Amino acid sequence: MTAPEDTEWKLNYFSYFTEVEEYFQRARGTGLFLMSPLDWALVESWKNAGVPLEAVLRGIDAAFEKWRSRRQRTQRINSLAYCAQAVMQEAEAMARNQAGAGAAGGEAGIAPEAVRQHLEKGAAALEALDGFREIAASLRAILADFDRHAGDLRELELRLSALEDKMASIARARLEEERILAMRRELERDLGPYRSRMSAEQLARLEKSFLDRKVYESAGLPRLSLFYL
């Protein structure tokens with residue numbers, strides 16, 4: 001039987017990305033708004049840091065409420081980065097009040113076969129790329145003992161994240177200096193207006209997530225994390 005805390009983790013984890021995107025769009029009142037690469041990287045950095053989905057949604061609400069209370073609104077909120085400070089405040093408040101957090105009920109919204117197909121697709125893509133066949137072999141090893149790994153999605157996600165870190169290191173080492181510099185300039189341009197809203201730790205996580213995403217895209221690499229399933 002699935003433990004309540006495991007069910008809660010699966011439900012929150014696999015709806016995290018979609019929930020944040022849709023909630024932010026509703027808060028802006030513009031369903032067609034497209035989040036930027038910085039926004040996606042920020043969501044991923046929250047997920048990797050273990051920020052609860054509820055804290056993110058509460059933080060979005062708090063940030064927009066503060067914006068609406070202003071006498072003068074010079075511009076709309078065009079990035080999730082505007083909400084970063086409020087999100088972390090909500091996460092800290094929830095951490096101080098863990099006793100009040102209830103476990104979600106219901107069944108986990110992820111099928112083992114979907115996980116298997118995700119890993120198969122990643123392995124096939126990496127096998128077609130020079131320099132990444134060792135990582136593909138690691139995925140094949142997971143698939144060979146799939147039932148055991150699928151029984152503990154937390155541990156599987158840790159393995160996949162470790163493989164992604166290794167994959168990113170290989171890809172980054174192959175990039176030309178000017179390409180990496182261009183990525184950092186893009187990050188600085190998009191993040192600059194919001195730096196004062198984040199701590200040094202938050203900024204470090206966000207920068208890593210943003211640059212890793214750019215490296216994956218530049219090298220045509222698949223994402224392995226179950227977050228991208």
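This briefing covers aromatic contacts and one arginine in a predicted model. Local features need pLDDT of at least 70, side-chain atom pairs count only at pLDDT 80 or more, and totals for chains, interfaces and linings use all residues. Residues are numbered from 1 along each chain as its sequence is written, and side-chain values use heavy atoms, with hydrogens and water left out.

**Aromatic pairs**
- The whole structure holds four aromatic pairs (ring centres of Phe, Tyr or the six-membered ring of Trp within 6.5 Å; planes under 30 degrees apart are stacked, over 60 edge-to-face, the rest tilted).
- One of them is Phe-17 with Phe-227, edge-to-face at 5.2 Å centre to centre and 80° between the planes.
- Phe-17 lies in helix 1 (residues 4-28) and Phe-227 in the segment after helix 10 (200-219), so this pair ties together parts 210 residues apart in sequence. Helices are DSSP runs of H or I, at least four residues, numbered from the N terminus.
- Phe-17 is partly exposed at 21% relative accessibility, while Phe-227 is buried at 8% (buried is under 20% relative accessible area, exposed over 50%, partly exposed in between, with a 1.4 Å probe and protein chains only).
- Phe-17, Trp-40, Phe-227 and Tyr-228 make up one aromatic cluster.

**Charge over a ring**
- Arg-197 places its charged end over the ring of Tyr-82, 4.1 Å from the ring centre (NZ of Lys or CZ of Arg within 6 Å of the centre and within 35 degrees of the ring normal).

**Arg-148**
- Arg-148 belongs to helix 7 (residues 146-150).
- Arg-148 is exposed, with a relative accessible area of 52%.

Conventions. Helix = DSSP H or I, 4+ residues; strand = E, 2+ residues; numbered from the N terminus.
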